[in-house]
Amino acid sequence: MDPDVAPRAIVAGHGALPGGLVSAVEQITGRGNALIPFSNVGLGRAEIESGLRDLLALHGVNVVFTDLPGGSATFAARRVQHDTPGLIVVTGVSLAALMDFVFCDAQMPAGESTARAVEKGRAAIASVGI
């Protein structure tokens, strides 16, 4: 882990996926500590929402990446977003998007860095052999 990299976003989702994505970002870039994994395993609606609120407050971040647009993590993040000005929620996150995000200048406005990550994530999807 790069000691100069501070947490910048939460990666929330199902099962071991958030931890796996953060682990992969760390393995490839050495910047995994820019992301905080949060799994919804065993948690209900209120617990997911309070867990996200706690992590946002603890780390002072304003970005939440989630796995599924219609998943419980996204619904919880959207509820938090409702009363948290400036919170950005990005759904359908991928490894490519997260890698781009952690390499964006930390001083770049979150809206710009997340928009760029979304585009990189979309561009990374390809069908090979058709």
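Biologist: At what angle do helix 1 and helix 4 pack, and how far apart are their axes?

Modeller: In this predicted model, helix 1, covering residues 17–29, and helix 4, covering residues 95–103, pack at an angle of about 55°, and their axes are 10 Å apart. Helix 1 and helix 4 are therefore oblique to each other, and helix 1 passes helix 4 in a right-handed crossing.

Biologist: Which residues of helix 1 and helix 4 meet?

Modeller: From helix 1 come Leu-21, Ala-24, Val-25, Ile-28 and Thr-29, and these meet Leu-95, Leu-98, Met-99, Val-102 and Phe-103 in helix 4. Sorted by class, this contact of helix 1 with helix 4 has nine nonpolar residues, one polar residue and no charged residues.

Biologist: How do helix 4 and helix 5 pack, and which hand does their crossing have?

Modeller: Helix 4 and helix 5 pack at an angle of about 145°, with 7 Å between their axes, and their crossing is right-handed. On the side of helix 4 the contact is made by Ala-96, Ala-97, Asp-100 and Phe-101, while helix 5 contributes Ser-113, Thr-114, Arg-116, Ala-117, Lys-120 and Gly-121. By class, the contact of helix 4 with helix 5 has four nonpolar, three polar and three charged residues.

Biologist: How should I read the packing of helix 2 with helix 3?

Modeller: Helix 2 (residues 45–59) and helix 3 (residues 72–82) pack with their axes 9 Å apart, at an angle of about 60°. That angle makes helix 2 oblique to helix 3, and the crossing in which helix 2 passes helix 3 is right-handed. Arg-45, Ile-48, Glu-49, Leu-52, Arg-53 and Leu-56 of helix 2 meet Ser-72, Ala-73, Ala-76, Ala-77, Arg-79 and Val-80 of helix 3. Grouped by class, the contact of helix 2 with helix 3 has seven nonpolar, one polar and four charged residues.

Biologist: Turning to the strands, how do strands of a sheet pair in general, and in what order do the four strands stand here?

Modeller: As a general idea, strands of a sheet pair through backbone hydrogen bonds, and the pairing can be either parallel or antiparallel. In this structure four strands form an open sheet in the order 2-1-3-4, and the pairing is parallel. Strand 2 (35–39) and strand 4 (88–90) stand at the edges with a single partner strand each, so one side of each is left without a neighbour in the sheet. From one strand to the next, the twist averages 20°.

Biologist: What unit do strand 1, helix 1 and strand 2 make, and across which strands does helix 5 lie?

Modeller: Strand 1, helix 1 and strand 2 make a β-α-β unit that is right-handed. Helix 5, spanning residues 110–123, lies across strand 3 and strand 4, and runs at about 5° to strand 4.

Note on methods
Residues are numbered from 1 along each chain as its sequence is written. This is a predicted model: local features need pLDDT of at least 70, side-chain atom pairs count only at pLDDT 80 or more; totals for chains, interfaces and linings use all residues. Side-chain values use heavy atoms; hydrogens and water are left out. Axes are lines fitted to C-alpha atoms, for helices over the stretch in contact, and angles run from 0 to 180 degrees between N-to-C directions. Helices (H or I, at least four residues) and strands (E, at least two) are DSSP runs, numbered from the N terminus. Angles under 35 degrees count as roughly parallel, over 145 as roughly antiparallel, 65 to 115 as roughly perpendicular and the rest as oblique. A crossing is left-handed if the near helix is turned anticlockwise from the far one by less than a right angle, and right-handed if clockwise. Contact means heavy atoms within 4.5 Å. Ala, Val, Leu, Ile, Met, Phe, Trp, Tyr, Cys and Pro count as nonpolar, Asp, Glu, Lys and Arg as charged, and the others, Gly among them, as polar. Two strands pair if DSSP finds at least two bridges between them. A crossover is right-handed if, with the strands pointing away from the viewer, the path from the first strand over the helix to the second runs clockwise.
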